[in-house]
Amino acid sequence: MKTVAHVLIALIVMGYTQIVGAQPSQSQTLVIGLGGAPPTFDPLLAGSNSEVNTPSINIYNTLYQVIPGTADVVPELATDYSVSDDGLVYTFQLRDDVLFHDGTKLGAEDVAYTFERMLALKTGTYRNFGNVARAEAVDENTVNVHLSAPFPGMIPALTRLYILNADLVRANERDGDWGQTWLQSNAAGSGPYQLTAFQPEQQYTLEAFADYWQGWEEGQAERAIFRVIREETTRRLALERGEVDWIRLGSADVFSEIQNSPGIVAETQSTFNQLYFAFNTRRAPLDDVRVRRALSLIYDYAGHVDVIRQGLADVARGPFAPGIPYFDENIAPSHTDFEEARRLMAEAGLSDGGLTLEMAYQGTAPEETAAMQIFQSAASQLGITIRPIAVEWSAKIELYTNPETAPHLGTIWMYPSYPDPDVFLYPLGHSSQVGQLNFAGYANERFDFLIQEGRSELDPVRRNELYTEAQAIWLDDVPYMNVVVGRTLSAQRDYVSGFLASPLHSVTVHIYPVRLDGKP
Amino acid sequence: MILYSLRRLLTALPVLFGVTLVTFIIANMLPGDPAREIAGRYATAEQIEAVRERYGFDRPLIVQYGVYLGRLVTGDLGLSFSTQRPVITELLNYMPATLELTIFAMILTIVIGVPLGVMTGSMKVPWLNSTILFLALTGVGLPVFWAGLVFQYIFAGQLGWLPLEGRLGWQLVPPPSITKMYTIDALLAGQWSTFIDAARHLILPGITLAIGRIASVARITHAAMVDVMRLDYVRTARAKGVPNRIVVFGHALRNAMLPTLTTIGLQVGFLLGGTILIEIIFSWGGIGTYAWVGIFMLDMPVIMGVTLATTLAFMLVNLLTDLLYGMFDPRISYS
């Protein structure tokens, strides 16, 4: 028995020695705790899945990208672009000093192939490029992109189109799958980091690409490990124990608590993500604009920000967040006015209330549950009963496929993938989108005309006019109640700096700007 | 015995067919449209239609089911909608993690639960019996997610004795993949440090998982031992002066083991079905996590695949339990 115990102790000691010995450059390794795993590393899916956008932004480059921490779009792989007079052809000039991770040079063929692949697969980022017809390489460093209609959002939309190494992907295509199978667990990029290991649902490892064209500075992470820790409490403990250097947080409560932990810095960054309550304009009594206005005036917006978000959000101002181009600065934050609400209900002949309204919300999202409760309590003061329907997203969107039978109210978030009013107004408000994301069943001819024009108008002055009027109509018709604009929450060890989330990549972790100074 | 096993496996086929049918019906009754889920939250109508066509969702359900069965016969469980990888490959990747955790939890269960049951069932020390049985009852009622979080807080957060989550420290590379169970693969490769690290990662989730099982196994063994200890042959053995140790372990336990064996078999079956909460809390990345993600993504092939795999595992464990009966009770014969 004693011998067994001795052997065990020896093994444990050996084990520890080897663990310590097996830590290459720990001080230059950044360990990130994420709440989810990417289902694939195919960067085309980055357009619709932030878990995929995180590895993509680190492994790949785009023609244009935002300056980290801002929504300002600047050239990345492109050096310049021009647009034909009719707005239907974009010509991009590319840098000629960019190498893919396999050492081959990035050129116009690669950009054309990336577009061609997206148009064939019609998935992910494709949702932003419905107007793109084809792309062709003009010469080694020039690409033409042809559109079927002018697209004013073209340049910012490019911030999620990650350029693939065409030869490498082609060599790994199987049965005409455009390399989808291969890209599930492989990468073909030119970005600062290369994918070196992947253990599904556990972790993936990125290592610095020495020949990265933007170069390297002292303090940048040589290696980044992305650990999947789905449970927020566990992520928090992992950070407090120093097992991870940076974590994403979802709960404002945890954020407030962790702020006081020694050696930890909690950070919040603004986003363009907005929460709405959709009012079903096709079902009585919400088909009456006075009722919709009244309901939008009873919600405790400030309470939402203070209590649910612990002050870490902003009350929404109109149909999209400030910071999106053409936002009308004259729009005030949504506010509460019970007196006016009562007057409007009386005018609509509903002063006694006695109504029951169905409200769909995501039951597994604490914020939406609390928002529903705030609304429920406010509505009861007007004699209105709110019947909650807790559903997950896929079930909720199915409820709204038929606006005539859809719930009276429902929560909906918009996470824009590029900063343009069209990203909000078209899917939420255009009548062609009823049965899709237009949960309000909203149809207004003038509004339709304005946003249809805005989609293809290249003149910024005219666009401003169109969107200013559209915002005014939205506020007047109240198809949606504009609730809050969220902020992302994160926490990190105090030796980590430079995490600058852009509102355009709001739940994405961009490693290149990060510095690790003094990590033990 | 071999013939019996083959017969049992053959009779499993209609059950598996029934399971595919029921799962297919239930999965299709889940609210939500898989085409929308695959296309992404803000996909355009055109994208959703493209997905519907590509995946064959536009065909009648009966045709979709027929296509699925046709593939299943050849051992093809289809491709996961969200990852595009073959479900069979993913199951083989995720299953060993759950298997490793289950085996560890069951070892703990048997090593602790059975002796506890034997002790309380055969000894006449009322206060000790009451205490142990009280603890066993508490163990059965303990919610695993609560226990998991508390253990993490105490043993990883406060005391720092054990790793918090995951199957391996981030600084270690998994051992060469043979069984995909890190402890075993590390031993086979002679990587002691990896073995120790993987074993340490097993302790907290393993104990959390085992607590409830230990409690039920101890209760069942206790009840069976109490019954058996009252039987005439035990009394006869004692009257003949056979030492107590031999009476308990040689005579009584053997007969008392049958209900215990059934309980253990059932527990293993349930655990292999995925230990979703434990896997999420401890970031284990096994079949439970796979099922959880699949359900949220309305990933039909994954839901079907996991259900089939766990049904099969359950049936195999049941068969094994039946065969073990013969070892403990010679009156049971399968020849």
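This is a predicted model: local features need pLDDT of at least 70, side-chain atom pairs count only at pLDDT 80 or more; totals for chains, interfaces and linings use all residues.
Residues are numbered from 1 along each chain as its sequence is written, while chains are lettered from A and ligands numbered from 1 in the order in which they are written.

Chain B comes out with 14 helices and 0 strands (DSSP runs, with H or I over at least four residues for helices and E over at least two for strands, numbered from the N terminus). Its C-alpha trace spans about 85 × 55 × 40 Å along the principal axes. Of its 335 residues, 42% are buried, that is, have 20 or more other C-beta atoms within 10 Å of their own, with C-beta atoms placed from the backbone.

Within chain B, helix 5 (residues 87-122) packs against helix 11 (residues 244-272) at an angle of about 145°, with the axes 10 Å apart; axes are lines fitted to C-alpha atoms over the stretch in contact, and angles run from 0 to 180 degrees between N-to-C directions. Residues that meet here include Thr98(B) and Ala105(B) from helix 5, and Val248(B) and Leu272(B) from helix 11.

As for the two chains, 50 residues of chain A are in contact with 46 residues of chain B, contact being C-beta atoms, placed from the backbone, within 7 Å. Helix 1 of chain A gives the most to the chain A side, with 6 residues.

Conventions: A residue is buried if 20 or more other C-beta atoms lie within 10 Å of its own, exposed if 12 or fewer, and partly exposed in between; C-beta atoms are placed from the backbone.
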